[in-house]
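Please read this report on pockets and ligand contacts alongside the sequence and the 3D view.

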Amino acid sequence: MTQKLANYIGGHPHAPRNGKYLDNFEPATGKVYSLIPDSGAEDIELAVQAAKTIFPWWSARTAGQRSEVLYSIANKIEQYASELAYAESKDQGKPLALARELEIPRAIHNFRFFASEILHQTEQAVHADASETLNYTHRSPLGVAGLISPWNLPLYLLTWKIAPAIAAGNTVVCKPSELTPMTAYMLGEILNEAGVPHGVVNIVFGRGATAGAALTANPEVPILSFTGGTATGRSVLTSAVPKFKKTSLELGGKNAAVVFADADVAEAAIQLVRSGFQNQGEICLCNSRIFVEEKVYPEFVEKFSRYASLLRVGNPEDKETNMGPLVSKEHKEKVQSYIELAKKEGGKIAFGGDTPTLSDYFSGGYFLNPTVVTDLPHTARCMQEEIFGPVVCIAPFKTEKEAIEFTNSTEYGLSASLWTRDVSRAHRVAQALQVGTVWVNCWMVRDLRVPFGGMKASGLGREGGRHSLEFYTETKNICVKL
Ligand code: NAD
């Protein structure tokens with residue numbers, strides 16, 4: 001029988017009030033394998049009330065007590081790591097190995113990191129001249145935080161919101177993506193086993209336009225953390241602004257890599273194949289545009305296309321697999337439409353552009369080969385718009401100035417990857433790029449201690465770090481006459 005998922009509210013499973021469910025498709029086969037609550041505003045309201053009820057008690061726990069709860073969650077996730085990785089791979093299509101090596105360990109790290117950080121938080125104190133007054137900052141949690149997450153790294157991104165939010169003393173209502181609910185569903189049971197007090201974390205499944213919009217509009221949710229597409233982010237912000245909600249937005253990207261002629265071209269090609277096609281190109285930080293200095297352009301295109309051709313596309317459970325299926329039929333069709341557009345725009349397909357031949361079992365799956373497009377100008381739509389799939393466009397540049405101009409030419413500004421052996425140029429170009437993160441001679445090396453997020457249409461609220469105890473607290477200044 002098809003498994004029916006339930007919302008997790010006040011520590012208990014809850015069917016959606018309207019009794020409606022959505023089909024959950026397995027991307028590798030295209031078959032329905034579970035049913036997801038198609039929740040509405042009434043389920044969100046129930047969850048907000050559960051979170052609100054326990055907030056005074058939870059926020060009054062000591063940092064040490066909250067830290068212990070977070071460590072306990074991390075340990076439980078670790079205990080169920082294999083089951084979670086399997087569920088994540090089946091639900092989203094990512095290779096099982098990637099879920100095991102990246103996503104689940106990072107979800108564990110999210111809780112351990114903030115369990116530790118909450119113990120080391122200090123506040124500022126300033127003595128005025130002649131010690132006549134003492135100013136100090138006081139931080140307090142805000143209340144019920146609304147956390148909305150996308151489908152591409154479902155457990156990792158959701159836990160990156162939950163961990164700092166509850167460590168800081170808030171309680172939360174989560175709305176995971178309706179395309180990949182499974183690990184968030186399992187998380188509910190894990191939280192109970194970890195001894196998380198009921199109501200501190202609540203998880204409501206459903207569509208964005210209904211459950212998501214109800215969460216952003218709820219007047220008793222003063223803080224919103226959203227990760228998803230730029231268009232959705234705009235509508236979340238529009239709903240949040242009239243109520244002056246503290247809002248963080250992690251949005252889309254069109255990340256460029258820049259390869260200078262003095263770089264280790266072979267190493268750059270190897271790493272950029274990874275950055276272009278990891279998780280089928282469905283990571284917000286993936287590089288979908290590569291600008292290469294003219295002198296090494298033919299060599300780079302040849303190497304990049306050859307390495308891309310070595311990627312194995314197929315059964316996500318297979319150890320040898322590098323790329324699984326895309327997340328949904330609609331998303332695959334969207335990516336394919338961009339490949340057709342690239343051809344119309346004058347691009348050449350240097351590799352891929354088609355679907356792999358797999359066994360009958362996977363005939364309904366949403367697979368696509370890694371696709372390499374060359375010869376498009378940086379102004380082409382395929383070079384400007386987020387495709388969010390396994391399509392990488394490569395183009396040459398002549399000068400450093402041109403490389404910077406091409407990179408900065410999109411509305412997005414999430415990240416960039418820069419390849420050069422010239423230290424001065426690395427710093428100069430990195431500082432000129434309008435993005436939140438620049439990786440020099442590497443890609444996606446993450447450290448939770450540094451700020452993360454995008455500029456321009458890639459997000460809002462990066463200062464101080466969106467996924468931080470600072471974001472999830474209100475700071476006030478108290479001035480005492482001595
Ligand atoms: P999406 O915007 O379609 O959905 C994200 C979440 O928002 C889902 O849970 C969805 O149900 C919900 N939602 C949709 N409409 C809503 C509304 N009106 N009100 C409230 N919630 C609503 O994005 P997606 O397709 O799930 O994810 C892919 C996008 O996310 C890509 O653009 C990618 O770049 C971006 N992303 C960004 C980051 C980052 O850190 N910047 C990380 C991962 C993904």
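How much space lies in the largest pocket? About 880 Å³ of space lies in the largest pocket, and of the 39 residues that line this pocket, the closest to its centre are Pro150, Trp151, Gly228, Gly229 and Thr232. This is a predicted model, in which local features need pLDDT of at least 70 and side-chain atom pairs count only at pLDDT 80 or more, while totals for chains, interfaces and linings use all residues. Residues are numbered from 1 along each chain as its sequence is written, and side-chain values use heavy atoms, with hydrogens and water left out.

A pocket is found on a 1 Å grid over the protein atoms alone, as an open set of points where a 1.4 Å probe fits, with protein on both sides within 12 Å along at least five of seven lines; its lining residues have an atom within 4 Å of a point. The volume is the space filled by probe spheres set on the points, which are joined across faces, edges and corners.

Helices (DSSP runs of H or I, at least four residues) and strands (runs of E, at least two) are numbered from the N terminus. At least two residues of the lining of the largest pocket come from each of α7 (208-217), β11 (223-227), α8 (230-240) and α11 (329-344), and α8 gives the most, with seven residues. Domain 1 (3-251 + 458-481) and domain 2 (255-447) both contribute to this lining, so the largest pocket lies between them; the domain bounds come from an automatic or database domain assignment.

The second largest pocket holds about 320 Å³ of space. Of the 17 residues that line the second largest pocket, Leu98, Arg274, Gln278, Leu311 and Asn322 are the closest to its centre. Its lining takes its largest share, five residues, from α9. The second largest pocket also lies between domain 1 and domain 2, because both give residues to its lining.

The table gives polar contacts, which here are pairs of N or O atoms within 3.5 Å.

| Side chain | Distance to an oxygen atom of the ligand |
|---|---|
| Threonine 232 | 2.6 Å |
| Glutamate 250 | 3.5 Å |
| Glutamate 386 | 2.6 Å |

Taken alone, the ligand exposes 850 Å², and the protein buries 87% of that; these accessible areas come from the Shrake-Rupley method with a 1.4 Å probe.

Note on methods. A polar contact is a pair of N or O atoms within 3.5 Å; within protein, one must be able to donate a hydrogen and the other to accept it, and residues adjacent in sequence count only if both atoms are side-chain atoms.
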